[in-house]
Amino acid sequence: MAVYTVALAGNPNTGKSTLFNLLTGLRQHTGNWAGKTVDLAQGDFTHNGHEFRMIDLPGTYSLFSNSKDEEVTRDFIVFEEPDVTIVVLDATSLERNMNLALQVLEMTNRVVVCINLIDEAKRLGIHVDTALLSRKLGVPVAAISARNKIGISGLLSMVASVATGEIVPEPVRVRYQEELERKLAVLEPVVRDTLGLRFSSRWLALRLLDEDTGLLETLRQKMKGGEFVPRKGDVNHGRSACHNLA
Ligand SMILES: Nc1nc2c(ncn2[C@@H]2O[C@H](COP(=O)(O)OP(=O)(O)OP(=O)(O)O)[C@@H](O)[C@H]2O)c(=O)[nH]1
Ligand SMILES: [Mg+2]
């Protein structure tokens, strides 16, 4: 039977390891300070007859090449191509957390947004409209409390639907200023012709325009090591290239 890979990404301290521990029965370090998870922990769980392998990624505020943690998280999402990436957001600071979610949505369409600490939001009188958010972002959105075990089966149903391809999310496309969009329009087809459809060409073109040399070096190493052989017209079965970005 297929084992689906599920990655947990999100800002530090949003409850990723708490969710990971709840689902896998393992004991990743959790606590109320940032940067606890440094290595990639993995564990297994099943849901409705499906098997999943979950990877607890380090918490990051963005996915550029600013730090080892950012590179590890970015490389996992892009090169390991998890079947689903769950972006865990803190319900009490959605605006700040959304930055990372939008970055992940630029990299892959296989995303479920998970709004955690919904108990805390309720206590503070914050109402989160998951249906509206889901429409705006173009991906499934679940509200949960990992600590209080609320909303978990709803989240897992969404994860299973994306993993099996029953749902193919169409993430929102962030539009940048005119000048950047003009450059993207030139560069993106070149990236697509060179690397095929395995990666989101829009995301890669953005990274190139940002002169992300760390990413370029990683890509170069992978191509040199034969880990990744680009093929023209490579079809990725919906992986990594956002449908409405292609
Ligand atoms: N109130 C509330 N607290 C939660 C919930 N989920 C997690 N927490 C708490 O949030 C804090 C951070 O949780 P972690 O699971 O360690 O967060 P993390 O995202 O793995 O953090 P890093 O590894 O640093 O990125 C801990 O004190 C948890 O107990 C929740 O649903 N409600
Ligand atoms: Mg953690």
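A residue is called buried here if 20 or more other C-beta atoms lie within 10 Å of its own, exposed if 12 or fewer do, and partly exposed in between, with C-beta atoms placed from the backbone. By that rule strand E4 is mostly covered, as seven of its seven residues are buried. Helices (H or I, at least four residues) and strands (E, at least two) are DSSP runs, numbered from the N terminus.

Please keep in mind that this is a predicted model, in which local features need pLDDT of at least 70 and side-chain atom pairs count only at pLDDT 80 or more, while totals for chains, interfaces and linings use all residues. Residues are numbered from 1 along each chain as its sequence is written, and chains are lettered from A and ligands numbered from 1 in the order in which they are written.

**The strands**

Let us stay with E4 for a moment. In a regular strand the side chains alternate between the two faces of the sheet. In E4 both faces are covered: Val84, Ile86, Val88 and Asp90 are buried on one side, and Thr85, Val87 and Leu89 are buried on the other. The table shows how the strands pair, where pairing takes at least two DSSP bridges between two strands.

| Strands | Sense | Bridges | Residues standing opposite |
|---|---|---|---|
| E1 and E3 | parallel | six bridges | Thr5 and Arg53 |
| E2 and E3 | antiparallel | seven bridges | Gly43 and Met54 |
| E1 and E4 | parallel | five bridges | Gly10 and Val88 |
| E4 and E5 | parallel | six bridges | Thr85 and Val111 |

E2 and E3 form a hairpin with two residues between the strands, and Asn48 takes a positive phi near 50° there.

**Two helices to look at**

Helix H6 (residues 152-164) has 13 residues and reaches 18 Å from its first C-alpha to its last, close to the 18 Å expected at 1.5 Å a residue; the expected span is 1.5 Å times one less than the number of residues. Its buried residues are Leu155, Leu156, Met158, Val159, Ala160, Val162 and Ala163. The cover over these buried residues includes E1, E2, E3, E4, E5 and E6. Gly165 follows H6 and has a positive phi, near 90°.

Helix H7 (residues 178-195) has 18 residues and reaches 25 Å, close to the 26 Å expected. A kink of about 30° lies at Ala185, shortly before the proline Pro189; the bend is the angle between axes fitted to the seven residues ending at a residue and the seven starting there. Glu188, Val191 and Arg192 are buried in H7, and the buried residues of this helix pack against H8. Just after H7, Gly196 takes a positive phi of about 75°.

The protein chain is divided into domain 1 (3-164) and domain 2 (178-245), with bounds from an automatic or database domain assignment. Their contact takes 13 residues from domain 1 and 15 residues from domain 2, two residues being in contact if their C-beta atoms, placed from the backbone, lie within 7 Å. On the domain 1 side, helix H2 (68-80) and helix H3 (94-107) each supply at least two residues, and H2 gives the most, with four residues.

**A loop residue**

Asp210 lies in the loop between helix H8 (201-209) and helix H9 (213-224). Is Asp210 buried or exposed? Asp210 counts as exposed because it has 12 C-beta neighbours inside 10 Å. Asp210 and Phe64 are 146 residues apart in sequence, yet 9.4 Å apart in space, C-alpha to C-alpha.
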